[in-house]
Structures are given as structure tokens and as C-alpha cells.
Amino acid sequence: MLTTILFYVFSAVLVGAALGVVLSRNPVHAALCLVLAFFNSAALWLLLEAEFLGIVLVLVYVGAVMVLFLFVVMMLDINVAQLREGFTRYAPLGAMVALLMIGEIVYAVWFRQLGVNLAGSAPALAPGSNTAALGELLYSKYMLPSELASVVLLVAIVAAIVLTLRRRPNLKQQDINAQVAVRSIDRVRIMKVDSVTRS
């Protein structure tokens, strides 16, 4: 009973946060609503006893992807008004995709209530936690793909930094070479001023 109540609470907050992402005019507010949506999705994963997926959702998406998204939104000069011009044009397509996803979820839940296993015969669960089993599989059989994914993420981080270091007009930047090569004779000017005596 308590699990069902928590599921409906987290689901309602998740739907509200998702609507906030789509309908928010401020990109920073949209990003914060997306963080809230990720937290509620992680709570739903925890209710399904998928601890690894819930923790990864918080650590990876909230801790890394959302920080990078906010970094890009706040550092790049994005024309928000120009981005929102196509919202009404793509709204019917978005509504169709949303209805299709809702239909698939309802179809799957309905078949599950009838007792039909959509994924076939499920394998027996390994003893212990699913986090340990996934970690053992990730660092043994799938070690090379995980290392390649880390290299791709490193390239994405470097690309985001390079994008923010572009030259902009009316922006003061340090020229370290000029600071190091400066000479005292070029920076300090000694002037001789005649003394003035007051009567």
C-alpha cells in the first residue's frame, strides 16, 4: 500500500517536472526542472529495487550532464527567443510522440496485468545485489566499451570548454605572454615636477 502511494506521488511530481522542462521560458529553470525529474525517476527505480540504475541516474545525469548543460547554457550566448520560435511548429509532432509513448506504456501494463511475460522467460536472478553483478559484468566482459565511452565523454568535456573559450567582442581577456614580457621601462614613467612654493 505504501509503495503504491509513493509511486503515485513520485510519478505526479515527475510529470509536473517534465511539463516544467517543456513549458519553462527560462533555460535555467528548465534545467532545474529536469534535475527534479531525474531525482523522481531515480526514486521510481529504487521502488523497483533497481538500486544501481537509480544511483547512476543521480550521479551521471544530475551530477555530470546537468552541470555540463547549465555550464553550456550560462556560458554560451544562446538566443532563447529564437529557440522558442519553433515550439508551436513542432508541438503537434511532440504531442503525437507523447501519445504513442503513453499508448505503449498502457499496452505493456495491460498485458502485464493479464499475466503475459513480454520479455519471454526471465533468467534467474544472481545471488547478492544487482549492483555487484552489474559491476562484475561491466569490468570483465564489457571493459573495452566502457573505456571507449569514457574517452568519448572526455572529448565532449574538452569540446565544451573550447566552445566557451571563443573570442567575443567587448570582452576583456588576459594576455599572459604580454604580462610576462613586460618591462619596467615601458610601465613606469618618472616625471620631474618643479616644486611650487606657496606665499
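What follows is a short chat about the fold, a residue and a surface patch.

Tutor: A caution to begin with: this is a predicted model, where local features need pLDDT of at least 70, side-chain atom pairs count only at pLDDT 80 or more, and totals for chains, interfaces and linings use all residues. Residues are numbered from 1 along each chain as its sequence is written, and side-chain values use heavy atoms, with hydrogens and water left out.

Student: How many helices and strands are there in the chain?

Tutor: Nine helices and zero strands, counted as DSSP runs (helices H or I, at least four residues; strands E, at least two) numbered from the N terminus.

Student: Where does Asn 40 lie?

Tutor: Asn 40 is in helix 2, residues 27-47.

Student: Is Asn 40 buried or exposed?

Tutor: Asn 40 counts as buried because its relative accessibility is 6%; buried means under 20% relative accessible area, exposed over 50%, partly exposed in between, with a 1.4 Å probe and protein chains only.

Student: And what does Asn 40 touch?

Tutor: Leaving aside residues up to four places away in sequence, Asn 40 touches Phe 10, Val 13 and Leu 14, where contact means heavy atoms within 4.5 Å. The Asn 40 side chain also reaches the backbone oxygen of Leu 36 at 2.7 Å.

Student: Changing topic, which helix gives the most to the nonpolar patch?

Tutor: Helix 1, residues 2-23, with three residues.

Student: Why does Met 1 count as exposed?

Tutor: Met 1 counts as exposed because its relative accessibility is 79%. Met 1 lies in the segment before helix 1.

Terms used: A polar contact is a pair of N or O atoms within 3.5 Å; within protein, one must be able to donate a hydrogen and the other to accept it, and residues adjacent in sequence count only if both atoms are side-chain atoms.
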